[in-house]
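Grab the model and work through these exercises. Each one has a task and a step-by-step solution.

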Amino acid sequence: TVKLDEPVMYVDNESRHRSGHMSHAMAQWAPNKFIDFNSNVSAEKWDGHTAFGWIEYRISEDGGETYSDVYELPYSKEAFYDGVYAIGVEKAVACDDGRIVAFCLRNDSGKGCTPWDTPMVVTSLDSGKTWTKEKELCPYKGRVYDVFYKDGAVYVMQFCNDNFLGFAPEHFFRIYKSTDDGKTFKEQGIIPFDTKDRGYGSMLLDNKGHLHAYVYNK
């Protein structure tokens with residue numbers, strides 16, 4: 001049998017009249033040490049179904065027993081002040097050397113969740129205390145839906161479409177790989193999905209090293 005502790009409120013968006021839509025990445029860079037991202041966005045625009053706001057995160061170094069004070073992701077907060085993009089953190093991974101690589105979604109700040117621009121990447125070399133300047137993952141607009149780290153490589157799955165569901169022949173799911181801890185990424189290929197009315201996505205490696213990919217059918 002498994003016994004679960006009573007849940008503890010991590011972020012109480014209701015009490016501060018904010019929304020937590022999108023941005024729910026986590027990454028563990030050492031045993032019992034992890035970073036947990038959450039959004040702090042408007043509860044008024046689109047009834048909270050928006051990215052209009054910025055990204056916060058907390059750090060735990062004891063397996064989630066306690067957490068640090070709230071940090072704000074500088075890239076996300078600065079972009080919010082500029083008013084062009086609303087930045088989310090879709091996924092994050094930790095590499096063997098402890099660096100944290102976060103994958104950022106760029107939303108049109110004046111609209112709901114879409115259209116999306118090209119995804120960006122930021123990296124922390126000091127357990128989330130500071131971050132590198134953002135850089136573009138690839139030249140294709142769209143959303144990173146899954147990322148994992150395995151045997152020294154970062155694998156990324158992106159739906160190259162500036163809207164949620166596919167509707168055009170050029171809307172591809174692409175796989176990228178980095179073998180230098182997120183400094184550079186190389187496209188591995190296009191997944192042969194029929195992408196009409198498809199969205200979201202995930203992937204995994206099985207115990208034989210075969211990569212499997214999944215998408216959502218409307």
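**Exercise 1: Thr118**

Thr118 lies in the loop that links strand S7 (100–108) with strand S8 (120–124). Strands here are DSSP E runs of at least two residues, and helices are H or I runs of at least four, numbered from the N terminus. This is a predicted model, where local features need pLDDT of at least 70, side-chain atom pairs count only at pLDDT 80 or more, and totals for chains, interfaces and linings use all residues. Residues are numbered from 1 along each chain as its sequence is written, and side-chain values use heavy atoms, leaving out hydrogens and water.

Task: work out whether Thr118 is buried or exposed, and which side chains make polar contacts with Thr118.

Step 1. Thr118 has a relative accessible area of 4%, so call it buried (under 20%; exposed is over 50%, partly exposed in between, with a 1.4 Å probe and protein chains only).

Step 2. Look for polar contacts (N or O pairs within 3.5 Å, one able to donate a hydrogen and the other to accept it; residues adjacent in sequence count only if both atoms are side-chain atoms). The Thr118 side chain has one with the side chain of Arg106 at 2.5 Å, and another with that of Glu136 at 2.7 Å.

**Exercise 2: the sheet**

Task: find the order of the four strands in the open sheet.

Step 1. The order reads S6-S7-S8-S9, with antiparallel pairing; strands pair if DSSP finds at least two bridges between them.

Step 2. S6 and strand S9 (135–136) are the edges, each with a single partner strand, so one side of each has no neighbour in the sheet.

Step 3. Between S7 and S8 there are five bridges.
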